[in-house]
Amino acid sequence: MRNDGLAINGIRKTFGSFQALQDVNVHIPKGKFTCLLGPSGCGKTTLLRIIAGLEQADTGTVMQDGKDISMLPTAKRNFGIVFQSYALFPNLTVSENIGYGLKGKQPKRQIEERVKEMLELIGLTAIRERFPAQLSGGQQQRVALARAIALSPDILLLDEPLSALDAKVREKLREQLCELQERLGITTVMVTHDQEEALTMADQIVVMDHGQVVQIGTPQEVYDKPKTPFVADFIGAINFFPAGTARWEGAGPNDLLAIRPEHIQIDETQGSADEQREDGISGFVQHVEFRGAFYRVSLQLANELGRHSDMNVTVDISSQTANRYDWSRNKLLHLHLPQERMLHYPAAGAGIVEE
Ligand SMILES: Nc1ncnc2c1ncn2[C@@H]1O[C@H](COP(=O)(O)OP(=O)(O)OP(=O)(O)O)[C@@H](O)[C@H]1O
Ligand SMILES: [Mg+2]
């Protein structure tokens, strides 16, 4: 185990009889951007609050650079914290909000300098004299970030800081936040239930479900090699097949096979259903959805008799090549499932089988 950054060891937390966190072990690397990702209620905020010292774990420790900080009060942790609700002081201007945490800790001139620097950093110099009620949600969130960063915290803890914003502002702020994090090299932990946010922003993603960590990895790792069907389904789109549907050597009859829609290829040598290739399946076009860069096509799988089965498959086709195919409803298409892109989960759902 590396010593730098944050080490979260064996954390358990119960609320009454409800177990919110069960034996959570995570290493948060120094200077990197880590996302805690998982569905609502899986324990993300609870874990973040324990890291912040706002909540006490039942058992387990939080170590910072090799030092046990589990008992250290929040005020002594030098962490910058930003929650979903911006919680700015309504009676203070933007500048005053940003400088608030520095008051009494630094001489007035130095605080003014720091606030000026922060305003430039987040691009809000022009509206420094406004009050929170006179700001948009995106602007308020930037002020909240600046206020947290102004204290030069060792670690930045963010709980869904972008979720209240509209899609366009959110995307812009995502970029700004990533750029800021990289420039300042500040160790950051951000909670989100938005998989796209995690994939685009994180150096490391911690996927959680029901109070447990299910997988830790880079965005590419959790997307390309999801450890369980839950992770595969939660991050990105995926097709699941019982092993009998798509051939796979060594797969038991109750195993689950999975493949992402963009990895399925349309077999150009079209023919009747019984001519389908060994490693392929066939399906009848049901629905075509334009998504801009690609088309998402739903097909109903053909059974051995070449008739409609009750199973569906989703295929993503790049918009550049989509006009090569005939998408009329009930048109039969042969699909090629590249073996190297197939994920194989044993029947118990225990985890991915390594090739
Ligand atoms: N103070 C509390 N008392 C009782 N139960 C709590 C308390 N705080 C959280 N819980 C429960 O613990 C579980 C985890 O809550 P938590 O807020 O960590 O979830 P989350 O992953 O942040 O969800 P969301 O994405 O909805 O914010 C939930 O079932 C929640 O109801
Ligand atoms: Mg939460």
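**View 1. Strand 2 and helix 1 in the shell around ligand 1.** Strand 2 (18-28) and helix 1 (44-52) each contribute at least two residues to the shell around ligand 1. Helices (H or I, at least four residues) and strands (E, at least two) are DSSP runs numbered from the N terminus. This is a predicted model, in which local features need pLDDT of at least 70 and side-chain atom pairs count only at pLDDT 80 or more, while totals for chains, interfaces and linings use all residues. Residues are numbered from 1 along each chain as its sequence is written, and chains are lettered from A and ligands numbered from 1 in the order in which they are written. Helix 1 gives the largest share of the shell, 3 residues. Among the residues around the ligand are Phe 15, Phe 18, Lys 44, Thr 45, Thr 46 and His 193; a residue is near a molecule if its C-beta atom, placed from the backbone, lies within 6 Å of it. By class, the shell holds 4 nonpolar, 7 polar and 1 charged residues. Here Ala, Val, Leu, Ile, Met, Phe, Trp, Tyr, Cys and Pro count as nonpolar, Asp, Glu, Lys and Arg as charged, and the others, Gly among them, as polar.

**View 2. Ser 40 in the loop between strand 3 and helix 1.** Ser 40 lies in the loop that runs between strand 3 (33-37) and helix 1, and is one of the residues around ligand 1. Ser 40 is exposed, with 7 other C-beta atoms within 10 Å; a residue counts as exposed at 12 or fewer such atoms, buried at 20 or more, and partly exposed in between, with C-beta atoms placed from the backbone.

**View 3. The largest nonpolar core.** This core has 77 residues, and Cys 35, Leu 36, Ile 51, Leu 157, Val 206 and Val 207 have the most contacts inside it. A nonpolar core is a set of buried Ala, Val, Leu, Ile, Met, Phe, Trp, Tyr and Cys residues joined through C-beta atoms within 7 Å. Helix 4 (residues 137-150) gives the most to this core, 7 residues. At least three residues of the core come from each of domain 1 (6-234) and domain 2 (239-345), with bounds from an automatic or database domain assignment.

View 4. The strands are ordered 13-17-14-15-16, with antiparallel pairing. Strand 13 (265-266) and strand 16 (308-318) stand at the edges with a single partner strand each, so one side of each has no neighbour in the sheet. Strand 13 pairs with strand 17 (residues 332-336) over 2 bridges; two strands pair if DSSP finds at least two bridges between them. Ile 266 has Leu 335 as its bridge partner in strand 17.
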